[in-house]
Amino acid sequence: MNEPATVRDEDERLARERRKIARDGPKLNGAKLEARLGQTWRRPPGILGWLATVDHKEIGRRYIITALLFLAAGGVLALLMRLQLARPDNNLIGAQRYNELFTMHGSTMMFLFAVPVMEGVAVYIIPLMVGTRSTAFPRLNAFSYYMYLFGGLMLWIAFALNIGPDIGWFAYTPLSGPQFSPGKRADIWAQMITFTEVAALAAAVVLFCTILKTRAPGMTLARMPLFAWAMLVVAVMIIFSMPSVALASSMLISDRLVGTQFYNSFEHGDALLWQHLFWFFGHPEVYIIFLPATGFVSVITETFCRRPIFAYPIVVLSLVSTGILAFGLWVHHMFATGLPRVGYSFYTAASMTVAIPTALQIFCWLATMWDGRPRLAVPMLYVIGFIVTFVIGGLTGVIIASVPLDLELHDTYFIVAHFHYVLIGGAVFPLLGIITYWYPKITGRMMSERLGKIDFWMIFLGFQLAFFPMHFAGLLGMPRRVYTYPAGLGLELPNLLSTIGAFVVASAVLLFVVNGIVSLYRGAVATANPWGAASLEWATSSPPPVYNFAHIPVVESRTPLWDMVGELPVVTGLRVDDKEMLLTTVVAATPDVREPVPEPSLWPFIASVAVGIFFISSIFSPWAVVFGAIPSAIALIAWFWPKEIKRHPEPVIS
Amino acid sequence: MIPAPRFTDSVADLPTYKFGPSSLTWWGIIGYMVIEGAAFALAFAAYFFLMGHEQGWPPEGRPPPDLLAGTLFTIVILLSEIPNTMIKRAAEKRDVAAIRALMPVIVGIGALLLLIRAFEFNSLNCRWTDNAYASIIWALLLLHTAHILTDWIDTIVLWMLMRTDLGWEGRRLVDTDENSLYWRYVWLLWLPIYLMIYWVPRL
């Protein structure tokens with residue numbers, strides 16, 4: 001080789017030192033191993049250590065809690081709207097404030113709650129589920145969280161300062177353009193998009209690489225837990241769809257700030273370009289929220305029916321085909337804009353087709369229940385609530401996939417009822433179920449079963465009371481996004497019922513929070529595997545140690561904890577003196593590379609602050625692109641640059 | 001109870017780096033390439049969507065962009081693949097000396113490309129405010145300039161790192177290999193943009 005002699009000597013010295021490195025194995029296990037791993041993997045204490053953490057469990061927890069706080073905030077806005085609509089000709093809230101409320105409610109729920117909470121749960125649980133010690137790119141993961149947090153704070157601080165957006169969560173041009181939305185409200189919305197897209201895309205890359213490259217040896221694609229499959233499909237969908245809204249909102253900002261003409265019909269632009277780009281993201285977005293929830297349902301159904309999911313390959317193929325079909329439906333949001341006849345037919349057919357894989361999954365869950373021994377614990381109740389509610393929402397979805405019906409029902413409360421049935425029924429119910437299910441893993445304690453059951457029935461019945469009457473309000477012609485309605489059109493009763501239902505749901509959510517907080521201190525102490533489940537996250541203590549697993553498990557079936565005989569097979573030989581994880585091959589999951597794991601670092605946080613300043617100042621001046629990019633670039637370089645220029649026997653990411 | 005372990009194989013002798021799809025960062029880079037590719041593809045879609053409404057392209061009978069700067073840029077960026085491939089092969093052969101010699105060449109080419117790019121902006125024959133056609137070709141050129149600029153800075157940082165002792169680290173060689181892979185993507189994406197900015201308006 002062409003290395004100088006000193007380098008060769010150095011290589012030999014490093015090779016000698018490498019043989020002395022301590023590794024886990026028969027000679028180093030049990031409490032001694034755990035103490036050493038705990039020492040190696042812990043982060044620095046204090047606020048700086050807290051900001052520098054790269055532990056996926058800490059980041060996942062922050063993601064989940066932040067998203068739930070945004071859920072609560074968005075929920076309060078919903079209650080305010082329901083109060084305004086409780087009776088006709090109400091003047092509790094004026095038209096302008098009402099516009100802000102529904103914009104903030106929709107934007108918060110879609111961008112700051114639904115997608116981030118799913119990613120947060122996955123960031124916490126996926127590495128445990130696939131049997132590894134960290135996510136891929138843990139610093140990118142931390143960066144993703146801070147970007148999300150800053151984007152959410154920017155939106156809500158703007159709202160508190162009375163410059164919150166008022167253009168709907170989809171911000172259609174020309175309403176959101178420079179002519180009809182002077183001021184900065186629309187820019188705040190568009191930049192919130194930029195923040196949350198950067199965050200979601202980073203988390204998607206982290207999850208995609210974690211699922212493909214860090215699975216435990218033997219966990220082939222065909223043995224991967226269904227939640228991991230769901231998140232793999234979702235990560236790919238995020239990667240393909242979110243650039244669309246980021247591009248669209250950047251073009252909107254540049255129309256507003258530097259006078260480009262993308263959406264200006266008078267200068268050869270087209271307002272409908274916005275709708276295409278937005279819905280090319282917006283429709284897959286619905287499935288980005290829904291597919292993780294189907295993963296939750298598969299996990300819960302398997303555990304509480306005590307048998308492997310019926311027809312696993314069909315469930316996987318359904319997830320994949322839903323992910324693909326989701327990109328062929330966006331135009332059904334635009335039926336009322338006028339389309340060529342063939343466009344109507346194609347997108348109607350495509351919209352109806354997507355019901356097929358979803359129905360197949362539902363039949364697989366029903367078959368699992370039929371053939372298993374269902375135990376109606378709280379998570380399972382949420383699954384049943386999900387199936388009932390989601391099927392109703394799915395059926396109204398097939399109804400409005402038909403163009404003549406859609407033209408009649410477009411922009412009425414029928415649509416509001418439909419998408420709350422599919423989003424709350426389809427995603428929030430399974431989410432509440434899975435929080436109850438994974439709560440003992442995350443906190444080490446069980447949630448109260450009795451409160452949980454009361455809660456489920458309140459939420460389930462309150463939800464039906466709130467949203468079922470909206471179908472009728474919609475059929476009677478009540479339009480969305482209008483702050484009041486006149487008396488005498490038959491709209492009083494459905495609206496009053498909806499308002500009552502909304503408050504029942506809100507009380508139930510409050511009860512859920514109380515249950516969560518009280519159980520943190522008073523709940524029964526959880527064992528490693530309190531539900532008797534089959535997947536690897538239950539093979540470690542509750543809550544898991546910072547390094548997740550003392551030894552990396554080996555997987556020999558789809559349900560490893562049910563199929564092991566007494567002992568869990570593991571591989572040995574990872575370092576204990578430095579953070580290291582095991583990479584395996586993509587399909588067969590055979591051990592491939594020992595990968596060093598980055599040390600905690602403040603640079604992801606600093607980089608997110610720099611990028612945040614860049615994004616926020618670019619609302620006000622195009623020059624922010626220049627002066628904002630420089631600190632961001634410096635922070636990113638410092639993040640990447642090794643903190644000591646010294647060769648180690650084995651690589652270290654400092 | 002945590003199940004007791006049953007020890008099977010040892011992974012202690014596995015390498016700590018590998019090239020290509022065995023590398024974790026390779027997958028991360030593919031992920032970001034797809035993200036950028038999706039953004040570019042949608043910008044292309046926006047271009048053709050706007051063009052589909054028009055009788056003439058550029059509209060209003062304006063002149064298309066001048067060819068000289070863009071064509072020169074295309075020739076230089078295609079030629080840059082020669083040192084780029086040499087660096088990639090040197091990384092795979094662990095030839096650190098060759099990498100250290102070639103990195104300044106590719107960084108220099110990047111600087112030259114950015115210089116030519118400035119002239120390209122000057123030869124578009126429109127301002128971004130003129131109409132949607134002007135907006136979209138400015139956007140395409142700006143997006144690609146961001147692409148070139150970020151990869152150029154990234155390459156400078158990598159060059160500096162390769163000059164240190166850490167240049168001998170296997171993982172830094174993987175970085176070099178993947179940086180070359182990324183550069184290929186940057187110039188491949190340029191080719192459709194070149195056609196859209198300079199030749200589609202001449203059809």
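Chain A of this predicted model has a secondary structure of 20 helices and four strands; here helices (H or I, at least four residues) and strands (E, at least two) are DSSP runs, numbered from the N terminus. Residues are numbered from 1 along each chain as its sequence is written, while chains are lettered from A and ligands numbered from 1 in the order in which they are written. Since the model is predicted, local features need pLDDT of at least 70 and side-chain atom pairs count only at pLDDT 80 or more, whereas totals for chains, interfaces and linings use all residues.

Overall dimensions come next. The C-alpha trace of chain A spans about 85 × 65 × 50 Å along its principal axes. Its radius of gyration is 26 Å, which agrees with the value near 26 Å for a compact globule with 654 residues. This radius is taken over C-alpha atoms, and the globule rule is 2.2 Å times the number of residues to the power 0.38. Chain B comes to six helices and one strand, and reading along its sequence gives β-α-α-α-α-α-α. Chain B is more spread out than a compact globule, because its radius of gyration is 22 Å, well over the 17 Å that the globule rule gives for 203 residues. The C-alpha trace of chain B spans about 75 × 50 × 25 Å along its principal axes.

Now for where the chains meet. The contact takes 68 residues from chain A and 53 residues from chain B, with two residues in contact if their C-beta atoms, placed from the backbone, lie within 7 Å. Among the elements of chain A that give two or more residues to this side are helix 7 (185–213), helix 8 (226–257) and strand 2 (567–572). By class, the side of chain A that touches chain B has 40 nonpolar, 17 polar and 11 charged residues. For these classes, Ala, Val, Leu, Ile, Met, Phe, Trp, Tyr, Cys and Pro count as nonpolar, Asp, Glu, Lys and Arg as charged, and the others, Gly among them, as polar.

Strand 2 of chain A pairs with strand 1 (residues 4–10) of chain B in the parallel sense over five bridges; two strands pair if DSSP finds at least two bridges between them. A:Leu568 has B:Pro5 as its bridge partner, and A:Thr572 has B:Ser10.

Within chain A, the axes of helix 5 (residues 95–129) and helix 9 come within 10 Å and cross at roughly 40°. Axes are lines fitted to C-alpha atoms, for helices over the stretch in contact, and angles run from 0 to 180 degrees between N-to-C directions. Helix 5 and helix 9 of chain A are therefore oblique to each other (under 35 degrees counts as roughly parallel, over 145 as roughly antiparallel, 65 to 115 as roughly perpendicular and the rest as oblique). Residues meeting here include A:Met110 and A:Ala114 in helix 5 of chain A, and A:Glu285 and A:Ile288 in helix 9 of chain A. This contact has eight nonpolar, no polar and one charged residues.

Another pair in chain A is helix 13 (residues 378–400) and helix 16 (residues 449–475), whose axes come within 9 Å and cross at roughly 10°. That makes helix 13 of chain A roughly parallel to helix 16 of chain A. Among the residues making the contact are A:Leu381 and A:Tyr382 of helix 13 of chain A, along with A:Phe456 and A:Phe460 of helix 16 of chain A.
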